[in-house]
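User: Hi! Could you walk me through this structure in simple words? I'm new to this.

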Amino acid sequence: REDLWVREGKILNPEKLFFDEKGSADVQLDCKDSIITPGFIDVQINGGFGVDFSVATDDFKSGIDLVSQKILSHGVTSFCPTLVTSPPSVYHQVLPQISVRNGGAHGAGILGAHLEGPFISKEKKGAHPEHCLRTFEAGAFQDLLATYGSLDCVQIVTLAPEMRRSSEVIRELTKRGICVSLGHSVANLSQAEEAVQHGATFITHLFNAMLPFHHRDPGIVGLLTSDKIPAGRRVFYGMISDGIHTNPAALRIAHRAHPKGLVLVTDAIAGMGLAPGRHTLGQQVVEIDGLNTYIAGTKTLSGSVATMDTCVRHFQEATGCSVETALEAASLHPAQLLGIEHKKGTLNYDSDADFLMLNDSLYVQATYIAGEEVWRQDVSGM
């Protein structure tokens, strides 16, 4: 039942307006009982609407523009375009075409790329092409630089911490302000803890592409309740809450064990928003059947076609958590993971006015970026 004040793209403390400037609102908007929430932040999205971020094309920029435009209707106001394991030539072509930029009417903001692979485990490659996987050979961090070409626009790197020399790579990435995520890995708990001690802060799609929980060695999953996490540090973990990648019981276990670290991700692929059938994920062909996406001809799950608002609703339903908790998993937590919570992920004064209006069932009715309406549900057709 409160007012939200916005000016020049930021959320405003109205005291300043009333008492210092003796001003009032220029425009008033009746939100008609909507819930107002910070915009969603998707830190793992491989593409959507026919666009695959792991395919080097001449019109890559128009592809990324299309996705950033289309995800506005699902409440995503900023995202990390994600590349799955690819040959070096793809990174060298694609990464220079990704630039960090603010969102607006043209689409959601880009926070930087998420590079998932190729420094991952062969046993847990999931939908990643085996012939492109790499290890840190003689050069360790230099090998990574040579593979990617440039780290200028990179925000997150997913790697397997059991790899030889991964510790020095994690340290080097962390030093550059890049978030290191553990995933596609057969690491045991002590290897995972060591990676966190060297600076890793995230787990890529918990439970998927890692050793299953075992009571004598819980593996990466054990980080959720580890007592070896450095003081003052929090480990975050991504979850694909689409009802397919993670059983609702597993979602509840993770959420109850470590609620403050849960980050909802879509892990969406090019087929999100398209009809069932054959689509791509990097070097692979995938088949979509309902909400299931498999590598063609197998039963290997390959990303999802769930949108972020769907994941939020499913998470809230599966865990029975409060609406606030569900919304924070898609906004505050990813912002904290990336260290941008002073700007995004909250409705605090002076933060970016990226917010959504939702109905009580958590369906998006309108999306705002920097205080400007960038998408609204067309009610005439309803």
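**A first look at the chain**

Analyst: Happy to! Of the 382 residues in the chain, 55% are buried, where buried means under 20% relative accessible area, exposed over 50% and partly exposed in between (1.4 Å probe, protein chains only). Keep in mind that this is a predicted model: local features need pLDDT of at least 70, side-chain atom pairs count only at pLDDT 80 or more, and totals for chains, interfaces and linings use all residues. Residues are numbered from 1 along each chain as its sequence is written, and side-chain values use heavy atoms, with hydrogens and water left out.

User: How many helices and strands does the chain have?

Analyst: There are ten helices and 20 strands. These are DSSP runs numbered from the N terminus (helices are H or I, at least four residues; strands are E, at least two).

User: And how compact is the chain?

Analyst: Its radius of gyration is 20 Å, close to the 21 Å from the globule rule for 382 residues, so the chain is as compact as a globular protein of that length. The radius is taken over C-alpha atoms, and the rule is 2.2 Å times the number of residues to the power 0.38. Along its principal axes, the C-alpha trace spans about 65 × 45 × 40 Å.

User: What share of the contacts joins residues at least 24 apart?

Analyst: Among contacts between residues at least 6 apart in sequence, the share is 69%. A contact means heavy atoms within 4.5 Å.

User: New topic. Where does UniProt place the "active site"?

Analyst: The unreviewed UniProt entry puts that annotation at Asp267. UniProt positions are given in the numbering used here, feature names are shortened, and annotations may be inferred rather than shown by experiment. Asp267 lies in the loop between strand S14 (262-264) and strand S15 (277-281).

User: Is Asp267 buried or exposed?

Analyst: Buried, at 5% relative accessibility. Leaving aside neighbours within four places in sequence, Asp267 is in contact with residues including Glu116, His205 and Gly303.

User: Which residues does UniProt mark as "binding site"?

Analyst: One such feature in the unreviewed entry is at Glu116, His184 and His205. Those residues are spread over 90 residues of sequence, yet they cluster in space, with a largest C-alpha distance of 11.0 Å.

User: Tell me about His184. Where is it?

Analyst: His184 sits in the loop between strand S11 (179-182) and helix H6 (189-197). His184 is buried, with a relative accessible area of 4%. Beyond neighbours within four places in sequence, its contacts include Glu116, His205 and Ala209.

User: What other residues does a "binding site" annotation cover?

Analyst: The unreviewed UniProt entry also has that annotation on Ala127, Asn208, Ala209, Arg216, His245, Leu301, Ser302 and Gly303. They span 177 residues in sequence and the farthest two C-alpha atoms are 29.7 Å apart, so they do not all gather at one spot.

User: What about Leu301 and Ser302: buried or partly exposed?

Analyst: Leu301 counts as partly exposed at 26% relative accessibility, while Ser302 is buried with a relative accessible area of 0%. Leu301 is in the loop between strand S17 (292-295) and helix H8 (308-319), and Ser302 is in the loop between S17 and H8 too.

User: Which residues do they touch?

Analyst: Leaving aside neighbours within four places in sequence, Leu301 is in contact with Ala127, Ile244, His245, Thr293 and Tyr294. On the same terms, contacts of Ser302 include Ala127, Thr293 and Tyr294.
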